[in-house]
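Here are some exercises to work through with the model open in your viewer. Try each task yourself before you read its solution.

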Amino acid sequence: MSEEKTSETSKLAFAIIAVFVIGFAMVGLSKMDTATSEQKEGAAQVTGYAALHTLASQKCPAAIKEATKEQVYFTSETESDKESYLTLKWVGENAGKGGFKTASCTVRTIVGGITELIIDGKVLISKKPMP
């Protein structure tokens, strides 16, 4: 009879401990999911800017190489509002040997690609985004 009481007491103790563990786990997980709207908005903005930068880094050098037959590597300047557009600028490395002097490439999220490509002041691509 004492073994039965001990067994039932042990079961009850384990059940109480299990309830506490589950409760702490639920509270911990719910705190992880409750990021503020500002945090979520900031994370979305960073993700959007990273995607815009990735798109520009892929499309612009390829377009410049196609137009000038020169490969570009490092930008000399970058302009952006960090939401809707990114402009990358390069200074030509072979300007003295007949290569380009300056190149500017703008990518907009609305269009989803290059909206403006200017090499040595000559506009090669000009797409106006829809209002």
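**Exercise 1.** Does Lys69 count as buried or exposed, and at what relative accessibility?

*Solution.* Start with the ground rules. This is a predicted model, where local features need pLDDT of at least 70 and side-chain atom pairs count only at pLDDT 80 or more, while totals for chains, interfaces and linings use all residues. Residues are numbered from 1 along each chain as its sequence is written, and side-chain values use heavy atoms, with hydrogens and water left out.

Next, the cut-offs: buried is under 20% relative accessible area, exposed is over 50%, and partly exposed is in between (1.4 Å probe, protein chains only). Lys69 comes in at 66% relative accessibility, so it counts as exposed.

**Exercise 2.** Which residues other than glycine have a positive phi?

*Solution.* Keep the background in mind: most residues other than glycine have a negative phi. Lys69 goes against that with a phi near 65 degrees. Asp120 is another case, with a positive phi of about 50 degrees. Asp120 belongs to the loop between strand 4 (113-119) and strand 5 (122-126), and its relative accessible area of 41% makes it partly exposed.

**Exercise 3.** How many salt bridges does the structure hold, and which side chains meet there?

*Solution.* The test is a side-chain nitrogen of Lys or Arg within 4 Å of a carboxyl oxygen of Asp or Glu. The structure holds one such bridge, where Glu79 and Lys89 meet at 2.9 Å, N to O. The pair links distant parts of the chain, ten residues apart: Glu79 is in strand 1 (residues 77-80) and Lys89 in strand 2 (residues 85-91). As for cover, Glu79 is partly exposed at 30%, and Lys89 is partly exposed at 24%.

**Exercise 4.** Which residues form the negative surface patch, and which make the nonpolar one?

*Solution.* Patch members need over 30% relative accessible area and no salt bridge; like charges are joined within 9 Å, and nonpolar side chains (Val, Leu, Ile, Met, Phe, Trp, Tyr) within 5 Å. Lys and Arg count as positive and Asp and Glu as negative, with His and the chain ends not counted. A charge is placed at NZ of Lys, CZ of Arg, CG of Asp or CD of Glu.

The negative patch consists of Glu38, Glu41, Asp81 and Glu83. Among them, Glu41 is in helix 2 (residues 37-68) and is exposed at 60%.

Leu12, Ile16, Phe20 and Phe24 make the nonpolar patch, about 470 Å². One of them, Phe20, lies in helix 1 (residues 2-33) and is exposed at 52%.

Terms used:
Areas by Shrake-Rupley, 256 points an atom, 1.4 Å probe, with all protein chains shown as cover. Helix = DSSP H or I, 4+ residues; strand = E, 2+ residues; numbered from the N terminus.
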